[in-house]
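Could you walk me through this structure, one selection at a time? I have the viewer open and would like to know what to look at.

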Amino acid sequence: MLGSEKKSKPAEKKKNGAGMSQHKTDDPLVNLGVQDDEDVKMMLQGSTMLKVRSPHWQRRRTLKLLDDGVTVHCESNKSFSKPKTFSVMEVECVREGCQSETLRRLASSLPEEQCLTIVFKGGRKSLDLQCHSREEVQHWARGIRTLQERVNNMSQTEKLDHWIHAYLRQADLNHDGKMTYDEVQTLLQMINIDLNEQYAFNLFKKCDQSANGRLEYGEIELFCRELLRRPELDAVFRQYSSNSRVLSTVDLRDFLNDQGEDNTLVHAQSLILTYELNDWAKKNQLMTANGFTMYMLSKENDVFDPEHGRVYQDMSRPLSHYFISSSHNTYLTKDQLVGESSTDPYIRALSHGCRCVELDCWDGDKEPLIYHGHTLTSKVPFREVVETIAEYAFKASPYPLILSLENHCSVEQQTIMARQLRSILGDKLLTKPLNDQLSESLPSPEELKGKILVKGKKERVEQESSSSSESSCSEDESKAEGKAKGKKEGKKCTCASTPKVSKLSPELSDLVVYTRSVPFKGFDQAAKKLPNEMSSFSESEALKHIKNSGKFFVRHNSRQLSRIYPSGQRLQSSNYNPQDMWNAGCQIVALNFQTDGEQMDLNRGRFLPNGHCGYVLKPSFLCQLDSEFNPENTGGGPGHNPTLLTIKVISAQQLPKPDTEKLNSIVDPMVWVETHGAPIDNNKKKTHRIDNNGFNPRWDCTFKFLLHVPELVLIRFVVEDHDYTARNEFLGQFTLPFTSIRTGYRHVRLLKADGSSLSPASLFIHVKVTPNYGSPKHAASPKA
């Protein structure tokens, strides 16, 4: 069963309704289609490399791909050291050559063609390695990319199949290809289920058809099918089947109609052809329970609207009409006191659609550096950051990228910055207005496709009494709330000491076109300026404007860009609630991408639609110069459209353990359903906990939410492990806009805290939306 049986056609398989694949072989490498891939073969053999941290810290490590096809062991030569592992799906990218800060510093002493860097998702430190040869580098780089591509292209049922077989191989302690009852018990602990002892034993006996006390190949498949049965899906099938045995095209069209989908005969027939496994049923245009299960597990039934997975919005509107995915202190890997500065966070941010990154620039010995001033954070050369940006700027999105310069450099080093930007970015850098002149509205993302914009100070052409705009030091975060040093440090800014002397390099000033930083002097004065002038607000300043002048802030943001940044008191790089800022139409709501949590979940959810391109069109009531929308008072007026959202949390599947080291620990899951939007729409409700079952817990809990401004609402599903003595532990989450949710029976594919996939973990829910829910009898907020 566990790789011991060879078949004539190893890649051929036939699926059944339990989500399992009846494989001619259970070899995960065959299932991935990489059994003959030369790169993967080399990875399976393993390679001894040098892990490099500095000229004096270089240690031997053996990297070896395990036979599950996704896990890499990294062993040191110390016998007492426990090997570390990583999944190829945790890798953001592989960079060949001396591309990281560490390897660049050692480039003169290392053969570049033998070096590679593995950059991980989330906050895990990158792995800098020196291989024995260029060929070894290429094997690992190509191999990781190949495995990632194959896993990404797997269906949910194939991922589930791969997942269970990987655990089966681990549970087969003596590697004989058979499973004793003790090994089955080990498997059940691994997959997070605490079955009743008698039930587990009876299930084992039922599948042990040879009655020899061991499950062999076919018997193990039977055991897995029984374990993976989805009775809640069977119940939905019976609900729509006219005879409880099959779905006719009429039955299936009724189901599709209730799902809010295309219920034409042609579509129903195509689903049967695609997902039905029984040839007789397929020939007679019928869908069996197994075919229905296959269909329900497919991406076609994800809760997120697949049409929103592409760029579907109008991209020809002014920039000010879009929410723009934005990062704060992009260079930091952790906190802003002693954290490391690196190019890696730029790679992560840009790879996930971020369209505004920050560069905190200070004088270096010869060239400018990027780091968090007046702290112990490490430093990274400005040139290396710009080179990284040039490489990754448009890999995830073709739409304009904004470089937010926090400029603390001397005029001389500003000139160096300008020249490096020009030479490295080349034609990508926008250096003059489109059509050679500024207009009364900002250009659109479509017009600026493939362009990089510099946000910063710009010298005024005309002579003015005030020279605030001629200061090199940005007003963004050098004030009281901007940096960790607080008010005192802010007042020491030398740029204000000589008001009549320009502190700007003309060459750098010339690069600022549509994103010119200016101090905010009130909404009336801002309205008289060209829309290329924009201001930055600390989170507290923005909240004050929202509270006191919400309607005018909305109007301001319909024409001009606003950037919001976290308080300088957030020394650990925590985040504020971005939803408050989006409610007022603020576009560049900058968050610390390196810090996971609810705020970053909301940010990922906000920018999930529209092809994940980093630009999401704001609701129309946030784009009008005369808008009457007030984010603090949404009991009526623009955007007010009372809508009843009903969500039934039915079950979960294959939840992870919060601590994989605790083999005997089984989770007690519970689910939160949250709505985030205008203040009146903020709500959260939770299910009861299910004891000792992370494998297939079932709740059947129904919640109702009355949404007043649904176009602003984000829906967040959070799964936690209940703890009696301490805080509940996070297991997974998924966040999406209300406007992207699909009605009917849906699966919610859960994500890790860093936003990466938690496959095959999911929730099974039912969604109902009742628009125009405004009759007097429903005026009160409904109860769950």
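Here is a short tour of aromatic rings, charges over rings and a surface patch. The model is predicted, so local features need pLDDT of at least 70 and side-chain atom pairs count only at pLDDT 80 or more, while totals for chains, interfaces and linings use all residues. Residues are numbered from 1 along each chain as its sequence is written, and side-chain values use heavy atoms, leaving out hydrogens and water.

**Aromatic pairs.** The whole structure holds 18 aromatic pairs (Phe, Tyr or Trp rings, the six-membered one for Trp, with centres within 6.5 Å; planes under 30 degrees apart are stacked, over 60 edge-to-face, the rest tilted). Select Tyr275 and Tyr295, a tilted pair at 5.4 Å centre to centre and 50° between the planes.

Phe537 and Phe553 are both buried. Then show Phe237, Tyr240, Phe255 and Phe292, which ring pairs link into a cluster.

**Charges over rings.** Move to Arg124, whose charged end sits over the Phe120 ring, 4.5 Å from its centre (CZ of Arg or NZ of Lys within 6 Å of the centre and within 35 degrees of the ring normal). Lys395 lies over the face of Tyr392, 4.6 Å from the ring centre.

**Last stop.** Select Val338, in the loop between strand 14 and helix 14.

Terms used:
Helices (H or I, at least four residues) and strands (E, at least two) are DSSP runs, numbered from the N terminus. Buried means under 20% relative accessible area, exposed over 50%, partly exposed in between (1.4 Å probe, protein chains only).
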